[in-house]
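Come along while I look things up one by one.

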Amino acid sequence: MSAPQHTVIHTLLVHSADRTLPPITGPSPRLASESVFTLGAAAGGLSAMILNDLVGRKLSIMLSAVPSVAGYALMAGARGHWMLLLGRTLTGFAGGLTAACIPVYVSEIAPPSVRGALGATPQLMAVFGSLSLYALALLLPWRWLAVAGEGPVLVMILLLSLMPNSPRFLLSRGRDEEALQALAWLRGANTDVHWEFEQIQDNVRRQSSRVSWSEARNPHVYRPILIAVLMRFLQQLTGITPILVYLQPIFNSTAVLLPPEDDAAIVGAVRLLSVLIAALTMDLAGRKVLLFVSATIMCAANLTLGLYIHFGPRPLTPNSTVGLESPALGGTEQPPASPASYLTLVPLLATMFFIMGYAMGWGPITWLLMSEILPLRARGVASGLCVLVSWLTAFALTKSFLLVVNAFGLQVPFFFFAAVCLASLLFTSCCVPETRGRSLEQIEAFFRTRRRSFMR
């Protein structure tokens, strides 16, 4: 199960369990749960740096079921908030592990012509799963919702047991015959796979099994790793995690009064539509075009939110306390809002455009590009490093968000996020290669030779 689905389940569990479990002192349960989840996901990325190459992509994904099942069992039988938080940590670990392994596995088994669409599918299914879980929350008690979270994990194990290992991983372990059979199974019985197999085999044979520290200083090794890590870092700095975590308080602070279940449904619907657009157009328009469009939309949305908060109306009953228990964030003085004013729709629309921009570009494409551009010898370790950097950045950003809001006002983080989106545009233009329609071997050859002919 993906990290977004783990997030949805536990958010629903925390809100429901607060009414039945003994009260918790200190930070709010949801703030604590977000913290332990991000740290658990970072630990999952760290473990992927070892497991991805040690046992393979497929088995690493299957192993993520162990902490996932244990985490949901803890949450289903929770007798206190500490059990919810421990379960949250374990499911976060599972989410981080799968976040590092699934993109690599998908990119290594997919043909170049549909690798973009297949690479966006995990994000698409994650958003669809999140919406499904919100629907289930209307029907099931919170403990049974945790039990329901085990269902997708068991289905994943069953389906993966029918799938072959990545041919590239098998070749790197000297299992040539098994790799050929796996590639033939993936491409279909009537497809001649020998030319593709020879290309992959030649690329694997030119490389040693592991990257040494001296080889890591070569530009063709560190450049793609640096690009992938910076993309994960910039993706988080666009503000997606704090915006989703503090969505309802942000709306309350900007005079948008929606029930929590309404904003969750709207966000889920917008994300589902946007990821679907990305999946359908990624192999047609290319990765860089969607990254440009995505960053432009997010920049405009963040700038709009910052300007609205600075100059626009404030809620009729502002609250000076920042937190998920309070309906408002920050203390920027603005003219009071009229309940009937259409101006109060601006933050809602800007937030939806931000989420749309993120979900159609910098959300799914950074995961796909990570798995495409990383060199084979370092792909397992480097993908885990990317996840580690991503979730540690999310943790730091979520924690610092409230501090910045208290010190400088709610508008300042959005101006910062807008500036990051501008930097992302420049980074995409200067550093990110277009990988549409290219095999992983051609992409690796591009970084090795820097010859643009490989990318045409």
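Predicted model: local features only at pLDDT ≥ 70, side-chain atom pairs only at ≥ 80, totals over all residues.

**Entry 1: one serine**
I looked up Ser 64 and found it in the loop between α3 (57-63) and α4 (65-76). Is Ser 64 buried or exposed? Its relative accessibility is 2%, so Ser 64 counts as buried. Leaving aside neighbours within four places in sequence, I listed its contacts as Ala 94, Leu 97, Thr 98 and Met 156.

**Entry 2: the whole chain**
I stepped back and counted 21 helices and zero strands. Of the 456 residues, 55% count as buried. I then looked at contacts with a separation of 6 or more, and residues 24 or more positions apart account for 80% of them. The chain exposes about 18,900 Å², with carbon and sulfur atoms supplying 69% of that area.

**Entry 3: the cores**
Which residues touch the most other members of the largest nonpolar core? I noted Met 231, Trp 362, Phe 401 and Phe 414, out of 93 residues in that core. Helix α19 (residues 376-408) gives the most to this core, with eleven residues. I also found a second, separate core of eleven residues, including Ala 182 and Ile 200. Back at Trp 362, I saw contacts beyond its sequence neighbours, among them Met 231, Leu 291 and Phe 427.

**Entry 4: a surface patch**
On the surface I came across a nonpolar patch made of Leu 136, Leu 138, Leu 139, Leu 140, Trp 144 and Val 147, with about 640 Å² of accessible area together. I picked out Leu 139, in the loop between α6 (115-137) and α7 (142-148). Leu 139 has a relative accessible area of 71%, so this residue is exposed.

**Entry 5: salt bridges**
How many salt bridges does a search of the whole structure find? I wrote down eleven. In one of them, the side chains of Arg 379 and Glu 108 meet at 2.7 Å, N to O. This pair links helix α19 to helix α5 (residues 81-109), 271 residues apart.

Glu 372 sits in helix α18 (residues 364-373) and Arg 115 in helix α6. Both of these residues are buried.

Methods: Residues numbered from 1 in each chain as written. Heavy atoms only, no water. Helix = DSSP H or I, 4+ residues; strand = E, 2+ residues; numbered from the N terminus. Buried < 20%, exposed > 50% of the residue type's maximum accessible area, 1.4 Å probe, protein only. Contact = heavy atoms within 4.5 Å. Core = buried A, V, L, I, M, F, W, Y, C linked by side-chain atoms within 4.5 Å. Patch = residues over 30% accessible without salt bridge, like charges linked within 9 Å, V, L, I, M, F, W, Y side chains within 5 Å. Areas by Shrake-Rupley, 256 points an atom, 1.4 Å probe, with all protein chains shown as cover. Salt bridge = Lys/Arg side-chain N within 4 Å of Asp/Glu carboxyl O.
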